[in-house]
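Me: I am new to reading protein models and would like a close look at a single part. Could you take me through how the aromatic rings pair up, and explain the terms as you go?

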Amino acid sequence: MSEALKNQRTFALVGHGGCGKTSTAEMILFNAGVIDRLGKIEDGTTALDTEPEEIKRRGSIQSGFAGYKWKKNDHYLIDTPGDANFCGDRPYSLAAADGAVFTIDAVDGVKPLARKAWAAIENAELPTVIFINKMDRDRADFDAAFDSLSSSLGISPVLLQYPIGIKENFKGFVDMLSGQAYLFEENGKLAKAGIPADIADEIEVLRETMIENIAESDEDLMEKYLEEGELSPEEVAQGLTSGIKKRTLFPVCIGSALENNGGSFLLDTIQTYLPSPLEHAPWIGEDGSTRDSSPDAPVALFVFKTIADPFAGQLTVCRVLSGTVTGDMTLTNTNTDSKERLGNIQMMVGKEQKPIKGEIGPGAIITLAKLKETFTGDTLSSEKEKFGLKKPAIAPQLITFALAPAEKGDEDKVFQAIQKLLAEDLNLKLSRDEESGDILLSGMGQNHIEISVEKARRRYKADIILKTPKVPYRETIKGNAEVQGRYKKQSGGRGQFGDCWIKLEPVTKGDGYKFVNSIVGGVIPKQYIPAVDKGVQEAATKGFLAGSPIIDFQVTLYDGSYHSVDSSEMAFKVAGSMAFKKACEQAGVALLEPLMNVVVEVPDEFMGDIIGDLSSRRGKVLGSDSASGVTEVMAHVPMSEILQYAPDLRSMTGGQGTFTMEMSHYEECPPQIAEKIIEEFSKKSED
């Protein structure tokens, strides 16, 4: 098994939305013989985008999976979404991979969303092959796209292929390592050719630069290169392989996925340079323990995706971390301590499941059906030698919508339908507004929420109406106050008595809540002090001005009194709550609104309109950057002003503009805005 594992590859396709990742996956699967024709996203015929919502919007909304063989070696592919609305759980997919194929397109190069995708790869520390796609497009600019890798990402790209022709004349490439030129034939086949005379000198210079870059990544190679002025082909290959695995070098391939140009070369590059599962660093557990990525280690599987299949039921997608797996095994979920029998082990290719027979070692991406108590983020391991992988961190939800049933009285049906989506989408959060009773759905953006609701309507026949998004306002303390909270109640028999003195003061932005116990001499018994803390926290959660949580403050409990019979935890909790409300009144409270980091990309001619529109939304433009006829505008904009931005941007730019947004920070609301929000809250509370 070890020999086969040395040649096994498990990688994730990563890039910004629209760069052609799914088409690249399609090209890979076609060249590997898994599919017999190239599907197209526009036609809804790709192997990996199979959800009706993906076909309708022509883009991935969840990761796709496929296994295939290349030159008799097992490869496992994870196609991750690039749209900011749907890539929130990307860290889980990257945690399941040994390497990555980072895709950009030759038209736009490294866009803002591409930088975010690259940051995710960096965070996962994955050795990476870069694929410059769409070389045959009308506005393709290979030089600009290649240069953007170092200028925007700060990496050392190593050019493995130089294009012969560009745009509609893109007809082949020069393999920079061998110096051999190839021309494209039908079905992605390659024909050897001579290097065209008009690029021969440039190839020579670039090849020399490539070898220098490879030599610089290794001290011994650099020493030899400086002494002898050259390196053997074996030394170049060895230096390149070592640099890629150390993440000091990043090989660059080129092609056109839609035309199947460059597919076999990309597959060879993945096979040659990306690491095997045996080379993966030891896995780190939640408790700090480690587990080797070895077939001889105890069995452990990490669940990184759960899929609700309308026919097969729940499908659990796992990465084999360690050990050798067979279908007759019963493993323990280290998160819940429940036992799960694996049963039939399958490999996914899009929506199809193919059975895997025999023993399965580390690196394999497998699918298990009908697990009862195991979901995304769980680890299955042997009972005797348990191991729970440390879960990757994911971004918090950015936007909240209220949901309502079309028919009154169907609230529970709506709640249950959405709840079923939570298992397969970590970035959705379902809750209820205690005051209004509204069902609240939080997600990564408007598209994310809308498509999730669309999915719930289709799958679970729930007629759901989306209501105005809920802006997560916050409140904070402006000054200091020292007050008493005294709760005394006598109603015959044992009464209630709690008495505390607290000092309330603001803390540095972002420091959260601090509780300081300064009680001396037992004026409040120890068992009642946590109750004061709890009373303060509960009051802070409900807010003071507009029902929004109060943040960034410190409460010091420094005095009080108690009654030997009537005092209780409940009495001190009420006293703490009363003291906090009184302190807020004295110290003063400000309403904070969330500001979003917004990046808008539009053709140059729309820049003025966009900046004017952002300013009218109380936005602060931070700067702009123009390249290749496209302007990128960066701004801070209050969330309340940009919730419905997508249709407005489409209207302003004729559908040519794109934007991303993420939470930046909180700032104090302007007085006139704050007054309006507080007034609306008061009216709602009265109703």
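Reply: Happy to! The count comes to 13 aromatic pairs, where rings of Phe, Tyr and Trp (its six-membered ring) pair if their centres lie within 6.5 Å. The planes count as stacked when under 30 degrees apart, as edge-to-face when over 60, and as tilted for the rest. A pair of aromatic rings is described by the distance of the centres and the angle of the planes.

Take Trp 118 and Phe 250: their ring centres are 5.3 Å apart and their planes stand at 70°, so this pair is edge-to-face. Trp 118 belongs to helix α5 (residues 112-124) and Phe 250 to strand β11 (residues 250-254), so the pair ties together parts that are 132 residues apart in sequence. Helices (H or I, at least four residues) and strands (E, at least two) are DSSP runs, numbered from the N terminus.

Before going on, a word about what you are looking at. This is a predicted model, in which local features need pLDDT of at least 70 and side-chain atom pairs count only at pLDDT 80 or more, while totals for chains, interfaces and linings use all residues. Residues are numbered from 1 along each chain as its sequence is written, and side-chain values use heavy atoms, with hydrogens and water left out.

Now compare the geometry of another pair. Phe 553 and Phe 580 have their centres 5.2 Å apart and 40° between the planes, and the pair is tilted. Phe 553 sits in strand β31 (residues 553-561) and Phe 580 in helix α14 (residues 569-587), so this pair ties together parts that are 27 residues apart in sequence. Both Phe 553 and Phe 580 are buried.

Rings can also join up in a group. Which residues do ring pairs link into a cluster? They are Phe 170, Phe 173, Tyr 182, Phe 184 and Phe 265.

To try this yourself, find Trp 118 in helix α5 and Phe 250 in strand β11, then look for the edge-to-face arrangement of their rings. After that, turn to Phe 553 and Phe 580 for the tilted one.

How values were computed
Buried means under 20% relative accessible area, exposed over 50%, partly exposed in between (1.4 Å probe, protein chains only).
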